[in-house]
Amino acid sequence: MTPHDDIRRAGRRGHAGAGLVAALVLAGLTLMAPAASAAVTPTQATQLNQVFALTNQYRQQAGCKALIRNSYAEKAAQGHADWMASTGTFSHTGANGSSFVDRMKAAGYARPGGENIAYGQADAQAVMTAWMNSPGHRANILNCTFTRIGLGLAGTRNYWVQDFGY
């Protein structure tokens, strides 16, 4: 069993809950960013776990299956969040003109599907509210054909990324 197995099961029930977060912390587990960047802080990891749980709650309410976190998609999402935070750029276009498809494939994910980005929201609930109130972002979250997700969060101003795949 991997740390993400527990997270996936929690997502299927619709919530990660404080117990899961505490168990992850007690087990010494943290969500790590790609090798070229700094580690995600415990607070950021908690926020990302909450985004994951909320995303799956909304999907469940719409009749979609829960997404599963994928390490390759996570690498792409965190890398883009790190890049946006380090450059002060807020865009789906990344370093060297890359698209989310380019970034996900470069990270090892073969079937990219979509990307949500956000900037400035203080916490998981705020970013999910913003995304669910935006037709394009909401469509990605509720796309029942997506099966995998990678999440990223970086910077003191909170650059958020969701990368979805098939």
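Student: Which residue of strand 4 does Glu115 stand opposite?

Tutor: In this predicted model, Glu115 stands opposite Asp163, a residue of strand 4. The two strands concerned, strand 2 and strand 4, run antiparallel and are joined by seven bridges.

Student: What span should helix 3 have, and why does the model agree with it?

Tutor: The general idea is to multiply 1.5 Å by one less than the number of residues. Helix 3, residues 42–61, has 20 residues and should therefore span 28 Å, and its end C-alpha atoms are 29 Å apart, which agrees. Among the buried residues of this helix are Leu48, Val51, Phe52, Leu54 and Arg59. Helix 3 is followed by Gly63, whose phi is positive, near 85°.

Student: What is a disulfide, and where is the one in this chain?

Tutor: A disulfide is a covalent bond between the sulfur atoms of two cysteines. Here the count comes to one disulfide, and it joins Cys64 to Cys144 with an S to S distance of 1.9 Å. Cys64 lies in the loop between helix 3 and strand 1, whereas Cys144 lies in the loop between helix 7 and strand 3, so the pair ties together parts that are 80 residues apart in sequence.

Student: Is this disulfide left-handed or right-handed, and are its two cysteines buried or exposed?

Tutor: The torsion about the S-S bond of Cys64 and Cys144 is about -70°, so the disulfide is left-handed. For the second part you need the cut-offs, under 20% relative accessible area for buried and over 50% for exposed, with partly exposed in between. Cys64 is buried, with a relative accessible area of 9%, while Cys144, at 42%, counts as partly exposed.

Student: Where does Phe146 lie, and which residues is it in contact with?

Tutor: Phe146 belongs to the loop between helix 7 and strand 3, and it is buried, with a relative accessible area of 2%. Leaving aside neighbours within four places in sequence, the residues in contact with Phe146 include Arg59, Leu67, Gly114, Phe164 and Tyr166. The C-alpha atoms of Phe146 and Gly114 are 8.6 Å apart in space, although the two residues are 32 residues apart in sequence.

Student: What can be said of Gln121 in the same way, and which residues does it touch?

Tutor: Gln121 has its place in the loop between strand 2 and helix 6, and at 17% relative accessibility it counts as buried. Residues up to four places away in sequence are not counted, and among those that Gln121 touches are Ala126, Val127, Asn158 and Trp160. Its C-alpha atom is separated by 8.2 Å from that of Tyr159, which is 38 residues away along the chain.

Student: What is the phi of Asn96 and of Asn158, and are these residues buried or exposed?

Tutor: Asn96 has a positive phi of about 55° although it is not a glycine, and Asn158, also a residue other than glycine, has a positive phi near 60°. Asn96 is found in the loop between helix 4 and helix 5, where at 84% relative accessibility it counts as exposed. Asn158 lies in the loop between strand 3 and strand 4, and at 16% relative accessibility Asn158 counts as buried.

Terms used
Residues are numbered from 1 along each chain as its sequence is written. This is a predicted model: local features need pLDDT of at least 70, side-chain atom pairs count only at pLDDT 80 or more; totals for chains, interfaces and linings use all residues. Side-chain values use heavy atoms; hydrogens and water are left out. Helices (H or I, at least four residues) and strands (E, at least two) are DSSP runs, numbered from the N terminus. Buried means under 20% relative accessible area, exposed over 50%, partly exposed in between (1.4 Å probe, protein chains only). Contact means heavy atoms within 4.5 Å. A disulfide is a pair of cysteine sulfur atoms within 2.5 Å. Two strands pair if DSSP finds at least two bridges between them.
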